[in-house]
Amino acid sequence: MISFSNVSKEYPNGTHALKDVNLFIDKGEFVFVVGASGAGKSTLVKLITREEKPTSGKVMVNGYDLGALKRRQIPKFRRTVGMVFQDFRLIPNMNVYDNVAFALRVTNVSFRDIRRRVPYILGLVGLASKARSMPDQLSGGEQQRVALARALVNNPSLIIADEPTGNIDPELSFEIVDLLNEINRCGTTVIMVTHEHDLVAKFNRRVITLDSGVIASDRNDWRSSDESE
């Protein structure tokens, strides 16, 4: 699903964001990525989504060699990846239904398939009754669920959630991660970048910790190791 082979990333200003990273995430895994600000989390995500190319090494995602990917191939690759952001990124003058449908319209999906797919996805995230609501009529947690629905509607094999609970109330954070867990149980690979250790401790999943551009730890036993420290 995702492999990094001796991947380094240096930006033009001289910042070494990642240093000789080796990483493999299998299909169907749920992985938390944690680390302090500047540890390399954002760069890792940008490499996975082909916003950036590695300075050296090889990045493979969903069968694509991202370093060798031609510009015209990038949109096709990105349809295999769903993104959920901290700031929701909803279109303010579109209702919930149209925000989700937009992700299908830009890929020329038929009107009939949109009418079938969007209500199903809204039901999946518990927003069937909010289809005609505008973003400013929703709570932060509801807006994030719309963003999640939009990421899911193209049926991607991989979901990347970049600090998805950063702008919602703490009590709703568990709800969002529960949804991601349900999505993962259906076979979708999930990578969640977060700084919220309470969330990580509650959900017993693989945890990759970045520190100054290197993988400091890669564990499936976060709770037991956290309790012993």
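Author: Contact means heavy atoms within 4.5 Å. This is a predicted model, where local features need pLDDT of at least 70, side-chain atom pairs count only at pLDDT 80 or more, and totals for chains, interfaces and linings use all residues. Residues are numbered from 1 along each chain as its sequence is written, and side-chain values use heavy atoms, with hydrogens and water left out.

Reader: Leaving aside neighbours within four places in sequence, which residues is Phe174 in contact with?

Author: Phe174 belongs to helix α6; helices here are DSSP runs of H or I with at least four residues, strands are runs of E with at least two, and both are numbered from the N terminus. Its relative accessible area is 29%, so Phe174 is partly exposed, that is, between buried (under 20%) and exposed (over 50%), using a 1.4 Å probe and protein chains only. Beyond its sequence neighbours, Phe174 is in contact with Asp198, Leu199, Lys202 and Phe203.

Reader: And how far apart in space are Phe174 and Thr55?

Author: In sequence, Phe174 and Thr55 are separated by 119 residues. Going C-alpha to C-alpha, the distance between Phe174 and Thr55 is 36 Å.

Reader: Is Thr49 buried or exposed?

Author: Look in the loop between α1 and β4 (56-61) for Thr49. Apart from neighbours within four places in sequence, Thr49 is in contact with Phe77, Arg78, Val81, Met83 and Ile160. Its relative accessibility is 6%, so Thr49 counts as buried.

Reader: What is the phi of Asn108?

Author: You'll find Asn108 in the loop between α3 (96-105) and α4 (111-124). Asn108 counts as exposed because its relative accessibility is 70%. Although Asn108 is not a glycine, its phi is positive, about 65 degrees.

Reader: What about the phi of Asn155?

Author: Asn155 is in the loop between α5 (140-152) and β7 (158-162). With 59% relative accessibility, Asn155 counts as exposed. Asn155 is a residue other than glycine too, and its phi has a positive value near 55 degrees.

Reader: How far apart are the end C-alpha atoms of α5?

Author: The expected span of a helix is 1.5 Å times one less than its number of residues. With 13 residues, α5 should therefore span 18 Å. The model agrees, as the end C-alpha atoms of α5 are apart by 18 Å.

Reader: What covers the buried residues of α5?

Author: Twelve of the 13 residues of α5 are buried, so the helix is mostly covered. Among the buried ones are Val146, Leu148 and Leu152, and also Glu142, Arg145 and Arg150. The cover includes β6 (81-85), α3, α4, β7 and α6 (170-185).

Reader: Which element gives the most to the lining of the largest pocket?

Author: On a 1 Å grid over the protein atoms alone, a pocket is an open set of points where a 1.4 Å probe fits, with protein on both sides within 12 Å along at least five of seven lines, and lining residues have an atom within 4 Å of a point. The largest pocket holds about 740 Å³ of space, and of its 27 lining residues, Arg78, Val81, Gly82, Met83 and Phe85 are the closest to its centre. The elements that give two or more residues are α1 (41-48), α2 (74-78), β6, α3 and α5. With four residues, the top contributor to this lining is β6.

Reader: And which element gives the most to the lining of the second largest pocket?

Author: This pocket has a volume of about 280 Å³. Its lining has 13 residues, with Leu124, Leu152, Ile183, Cys186 and Thr188 nearest the centre. Two or more residues come from each of α4 and α6. Giving four residues, the biggest contributor is α4.

Reader: Which are the edge strands of the open sheet of four strands?

Author: The sheet runs β2-β1-β4-β5 with antiparallel pairing, where two strands pair if DSSP finds at least two bridges between them. Inside it, five bridges join β1 (residues 2-10) to β4, with Phe4 partnered by Val59. Each edge strand pairs on one side only, and the two are β2 (16-25) and β5 (64-65).

How values were computed:
Grid points are joined across faces, edges and corners, and a volume is the space filled by probe spheres set on the points.
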